[in-house]
Amino acid sequence: MTDYVFAPAAIPAAPVRGTDARFPINRIFCVGRNYEAHAREMGVEVDREAPFYFTKSPGTYVPSGATVAYPPATENYHYEMELVVAIGKPAFRIARDEALDVVYGYGCGLDMTRRDLQLAARAKQRPWDIGKDFEESAVLAEIVPVAQCGHPASGSLELRVNGETKQSTDLTLLIWSVPELIAHLSTLYHLQPGDLIYTGTPEGVGAVKPGDRIEGSIAGLGGIALTIGEPA
């Protein structure tokens, strides 16, 4: 048995619909600017040559239904509703027409963002880490296996804050489709079971404050919920 200087953290793992087994989270890849209207609202152009990515640590995972503390060092804390792809098989340099074979399932996700810190970093051409990769920033509902939901390439994606609709789109408006994302990302990384891909958010992002309730849904996948608590 290995002795550690301190007890290692538990493996983050998401629930899976229809089973008591859980999906262990290996890495979290997030796609930037994958809806044209969102890119416009952020004041940037869409790069149609290739998708681009940022990452979140697995430890940022938060289950749907949780209450999270309003994070430190921000005054502009945003929601971003996204389709999440859960990888179930290894993939490296996989062809686009074979990419869906490595998908275990799909889920609803929230990429919570310290927007003021992200934009400040962007303006200085610095990495987005402090705006994106912080505690309790990767919210994920249950993962729905492909056998139960198929491969959703169309259908509504919506988000509401305190019952008011803020984001509403259709998955057909993704610039880079799920097979294209997997194929491209697999040229940059050896994808592994447990990897998650947050596929990007549509227009309508905005700030939340303590006491707000976020609820979202994607057709065929169910919903996600998050309550914003007081600062820690």
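The model is predicted. Its largest nonpolar core has 51 residues, and a second, separate core has 16. The largest pocket holds about 150 Å³ of space.

**Nonpolar cores**

- Six members of the 51-residue core touch the most other members: Leu110, Met112, Ile182, Ile214, Leu226 and Ile228.
- Several elements give two or more residues to this core, among them the strands β3 (28-32), β7 (77-79), β8 (81-87) and β9 (103-111).

- β13 (156-161) and β14 (164-170) run antiparallel and are joined by 6 bridges.
- Within this pairing, Glu158 stands opposite Ser168 in β14.
- The two strands form a hairpin with 2 residues between them.
- In a regular strand, side chains alternate between the two faces of the sheet.

**Asn162 in the turn**

- Asn162 sits in the loop between β13 and β14, and its phi is positive, at about 55°.
- Leaving aside residues up to four places away in sequence, Asn162 touches Gly211, Asp212 and Arg213.
- Asn162 and Ala232 are 70 residues apart in sequence, and their C-alpha atoms are 22 Å apart in space.

**A three-stranded open sheet**

- An open sheet of 3 strands has the order β10-β7-β16 and antiparallel pairing.
- β10 (113-114) and β16 (206-207) are the edge strands, and each pairs on one side only.
- β7 and β16 run antiparallel, joined by 2 bridges.
- His78 stands opposite Ala207 in β16.

**The largest pocket**

- Rolling a probe the size of a water molecule over the atoms shows where empty space is left.
- Which residues line the largest pocket? The lining includes Leu100, Tyr106, His151, Pro152 and Ala153.
- Leu171, Thr172, Leu174, Ser177, Val178 and Pro179 also line the largest pocket.
- By class, the lining has 8 nonpolar and 3 polar residues, and no charged ones.

Notes: Residues are numbered from 1 along each chain as its sequence is written. This is a predicted model: local features need pLDDT of at least 70, side-chain atom pairs count only at pLDDT 80 or more; totals for chains, interfaces and linings use all residues. Side-chain values use heavy atoms; hydrogens and water are left out. On a 1 Å grid over the protein atoms alone, a cavity is a set of points where a 1.4 Å probe fits but cannot get out, and a pocket is an open set with protein on both sides within 12 Å along at least five of seven lines; lining residues have an atom within 4 Å of a point. Grid points are joined across faces, edges and corners, and a volume is the space filled by probe spheres set on the points. Ala, Val, Leu, Ile, Met, Phe, Trp, Tyr, Cys and Pro count as nonpolar, Asp, Glu, Lys and Arg as charged, and the others, Gly among them, as polar. Helices (H or I, at least four residues) and strands (E, at least two) are DSSP runs, numbered from the N terminus. Contact means heavy atoms within 4.5 Å. A nonpolar core is a set of buried Ala, Val, Leu, Ile, Met, Phe, Trp, Tyr and Cys residues joined through side-chain atoms within 4.5 Å. Buried means under 20% relative accessible area, exposed over 50%, partly exposed in between (1.4 Å probe, protein chains only). Two strands pair if DSSP finds at least two bridges between them.
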